[in-house]
Amino acid sequence: MSVTGTVRQKMPADIAAMKGGAPIVCLTAYTTPIAKTVDPHCDLVLVGDSVGMVLHGLPSTLGVTMEMMVMHGQAVARGLQNALMVIDMPFGSYEQSPQQAFANAAILMAETGAGAVKLEGGQHMAETIAFLVARGIPVMAHIGLTPQSVNTLGGYKVQGRGDDRARLIGDARAVTQAGAFSVVLEKVPQGLADQITADIAIPTVGIGAGAGCDGQVLVVDDMLGLFTEFKPKFVKRFGALGEAADQAVANYAAEVRARAFPGPEHVFADEANK
Ligand SMILES: Nc1nc(=O)c2c([nH]1)NC[C@@H]1CN(c3ccc(C(=O)N[C@@H](CCC(=O)O)C(=O)O)cc3)CN21
Ligand SMILES: CC(C)C(=O)C(=O)O
Ligand SMILES: [Mg+2]
């Protein structure tokens, strides 16, 4: 709340200031109604490129386009008053050069009204993160399991075990040094996530990284039980909306076939009442 008592949308600096304090609550959203549902409860709402797998039936996030991100970003923005909106940069929109990243991040920011962008990568993306931040674009980093690299990682596996542990600590330090305001840690062992959280000055937001992170994020359709094509181990279903929808549709079909729907309350008389 601001001093005038009206709701004020959070900014990246507000999220950064939550380091070490009350856990940062984050969920994804892709549409206006879900944005409205999650907004009062969340500090940060992510328009994730998971939208491709969750809403468009794509086999991975690699086919997600700038146009899809802009359209879903605009829809989410219409539903937010409180939470910071962060938007994922899609595969192919930022990896080539800092200049390419800036051009596409500027489109996402200008066309959707997002307060920050998120991109996948650690040490190798540090230069790009610094380039964006220097030009007015707040950046959330994403390290550990980076789904856009599923083909080189060889699957959606735990990251940061064994020799990878030092590399992941280096990634966390590099994105911090580059000026990211927070960092997603995806599917990394709990002890390593705790160590990184203690080691860096920016908040860690975990997904499959344990309760010691500075915040948590999940794909909203996963936690609602609406997306059930697969269930990563880190997902907890807080609802069963997929089952509820299936039951409602089955009831509708049965009532149509029985001519029980529409009923008298859903129809119109031939003559208007005097
Ligand atoms: N619905 C949904 N939820 C997500 O969390 C999510 C997406 N989609 N799409 C983009 C990425 C992809 N992510 C994924 C996808 C699959 C697993 C998964 O199946 N994990 C299994 C083990 C797989 C393996 O070891 O190869 C698990 O049990 O966690 C994890 C994260 C996270 N993101
Ligand atoms: C799972 C989160 C962190 C994400 O990147 C996405 O939804 O695309
Ligand atoms: Mg993503």
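Modeller: In this predicted model, Asp88 touches Leu46, Val47, Gly48, Asp49, Met69 and Lys118, leaving aside residues up to four places away in sequence.

Biologist: What makes these residues contacts of Asp88?

Modeller: Two residues are in contact if their C-beta atoms lie within 7 Å. Leu46, Val47, Gly48, Asp49, Met69 and Lys118 are listed as touching Asp88 on that basis. Asp88 itself is found in strand E3, residues 84-88.

Biologist: Why is Asp88 called buried?

Modeller: The label needs 20 or more other C-beta atoms within 10 Å. Asp88 has 30, so Asp88 is buried.

Biologist: And why does Asp49 count as buried?

Modeller: Asp49 has 29 C-beta neighbours inside 10 Å, and the cut-off is 20 or more, so Asp49 is buried as well. Asp49 sits in the loop between strand E2 (44-47) and helix H3 (51-54). Its contacts, again without residues up to four places away in sequence, are Thr61, Val64, Met69, Asp88 and Pro90.

Biologist: Which residues does UniProt list for "binding site"?

Modeller: The unreviewed UniProt entry gives Asp49, Asp88 and Glu120. They are spread over 72 residues of sequence but cluster in space, with a largest C-alpha distance of 10.9 Å.

Biologist: Which residues are around ligand 2?

Modeller: Thr28, Leu46, Gly48, Asp49, Ser50, Asp88, His142, Val184, Ile207, Val217 and Val219. By class, that shell has five nonpolar, four polar and two charged residues.

Note on methods
Residues are numbered from 1 along each chain as its sequence is written. Chains are lettered from A and ligands numbered from 1 in the order in which they are written. This is a predicted model: local features need pLDDT of at least 70, side-chain atom pairs count only at pLDDT 80 or more; totals for chains, interfaces and linings use all residues. UniProt positions are given in the numbering used here, feature names are shortened, and annotations may be inferred rather than shown by experiment. Helices (H or I, at least four residues) and strands (E, at least two) are DSSP runs, numbered from the N terminus. A residue is buried if 20 or more other C-beta atoms lie within 10 Å of its own, exposed if 12 or fewer, and partly exposed in between; C-beta atoms are placed from the backbone. A residue is near a molecule or strand if its C-beta atom, placed from the backbone, lies within 6 Å of it. Ala, Val, Leu, Ile, Met, Phe, Trp, Tyr, Cys and Pro count as nonpolar, Asp, Glu, Lys and Arg as charged, and the others, Gly among them, as polar.
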